[in-house]
Amino acid sequence: MDQETLEAMVAMTIAAGTLADTMGITIVSASAAEVVATMPVAGNIQPFGLLHGGASCVLAETIGSLGAALHAGPGRVVVGIEISATHHRGARDGEVTAVARLAHGGRTLASYDIVISDAGGHRVCTSRLTCLIRDGVPGAGR
């Protein structure tokens, strides 16, 4: 994939008005094999002051979906069809880093294993995302 297409896909993922933008997700690096991103804990907490488990799922789905889109290539659409998450420990401050690695990259499905760690390198969450890959443009034919 050329650099211009890669940059356009990353920009679309974190564009103004998206949930990723609202939550402060930053893409550090991206390829079909691995996507790395960060997210601040502040603003993404639950009432007890810990990183919200749903925020971890949003981070995981954001970068896993980006990886799947890069795997699928231009002209194809990906949609998350299953996500699971195990929350290992809480994060109270700083930022978390997520790394999504391709577990399976097929013609119609792509699965990513995602590990989210705190600033100290401790695993906060382990997630798995499976995306369906289809030909076409989102919203076409409605």
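Where does Pro-47 lie? In this predicted model, Pro-47 belongs to the loop between β2 and α3. Its relative accessibility is 81%, so Pro-47 counts as exposed, the cut-off for that class being over 50%. Pro-47 and Thr-13 are separated by 34 residues in sequence, and their C-alpha atoms lie 28 Å apart in space.

**The largest pocket**

Thr-13 also has a part in the largest pocket, where it is among the residues nearest the centre, together with Met-12, Ser-65, Ala-69 and Val-78. The lining of this pocket comprises 22 residues. Two or more lining residues come from each of the elements α1 (3-13), α2 (19-22), α3 and β3. The volume of the largest pocket is about 500 Å³.

**Helix α3**

Helix α3, one of the elements that line the pocket, runs over residues 53-72. With 20 residues at 1.5 Å a residue, α3 should span 28 Å, and the distance of 28 Å between its end C-alpha atoms agrees with this. The helix is mostly covered, since 15 of its 20 residues are buried, that is, under 20% relative accessible area. After α3 comes Gly-73, which has a positive phi near 90°.

**Salt bridges**

| Pair | N to O distance |
|---|---|
| Glu-34 and Arg-101 | 2.9 Å |
| Arg-76 and Asp-135 | 2.8 Å |
| Asp-113 and Arg-128 | 2.7 Å |

The side chains of Glu-34 and Arg-101 meet in a salt bridge. This pair links distant parts of the chain, with Glu-34 in strand β2 (residues 34-40) and Arg-101 in strand β4 (residues 95-105), 67 residues apart. Glu-34 has a relative accessibility of 28% and is therefore partly exposed. Arg-101 is also classed as partly exposed, at 46%.

Arg-76 forms a salt bridge with Asp-135. The two residues are 59 residues apart and again link distant parts of the chain: Arg-76 is in strand β3 (residues 76-87), whereas Asp-135 is in strand β6 (residues 123-135).

Asp-113 forms a salt bridge with Arg-128. Here strand β5 (residues 109-117), which holds Asp-113, is linked to strand β6, which holds Arg-128, and the partners are 15 residues apart. Asp-113 has a relative accessibility of 33%, so it counts as partly exposed. The value for Arg-128 is 40%, and Arg-128 likewise counts as partly exposed.

**A nonpolar surface patch**

Which residues form a nonpolar patch on the surface? Val-79, Ile-81 and Leu-109 do so, and together they have about 230 Å² of accessible area. Leu-109 is placed in strand β5, the strand that also carries Asp-113. With a relative accessible area of 33%, Leu-109 is partly exposed. That value also meets the requirement of over 30% for patch residues.

Technical notes: Residues are numbered from 1 along each chain as its sequence is written. This is a predicted model: local features need pLDDT of at least 70, side-chain atom pairs count only at pLDDT 80 or more; totals for chains, interfaces and linings use all residues. Side-chain values use heavy atoms; hydrogens and water are left out. A salt bridge is a side-chain nitrogen of Lys or Arg within 4 Å of a carboxyl oxygen of Asp or Glu. Helices (H or I, at least four residues) and strands (E, at least two) are DSSP runs, numbered from the N terminus. Buried means under 20% relative accessible area, exposed over 50%, partly exposed in between (1.4 Å probe, protein chains only). The expected span of a helix is 1.5 Å times one less than its number of residues. Patches are made of residues with over 30% relative accessible area and no salt bridge: like charges are joined within 9 Å, nonpolar side chains (Val, Leu, Ile, Met, Phe, Trp, Tyr) within 5 Å. Accessible areas come from the Shrake-Rupley method with a 1.4 Å probe; for residues, only the protein chains shown count as cover. On a 1 Å grid over the protein atoms alone, a cavity is a set of points where a 1.4 Å probe fits but cannot get out, and a pocket is an open set with protein on both sides within 12 Å along at least five of seven lines; lining residues have an atom within 4 Å of a point. Grid points are joined across faces, edges and corners, and a volume is the space filled by probe spheres set on the points.
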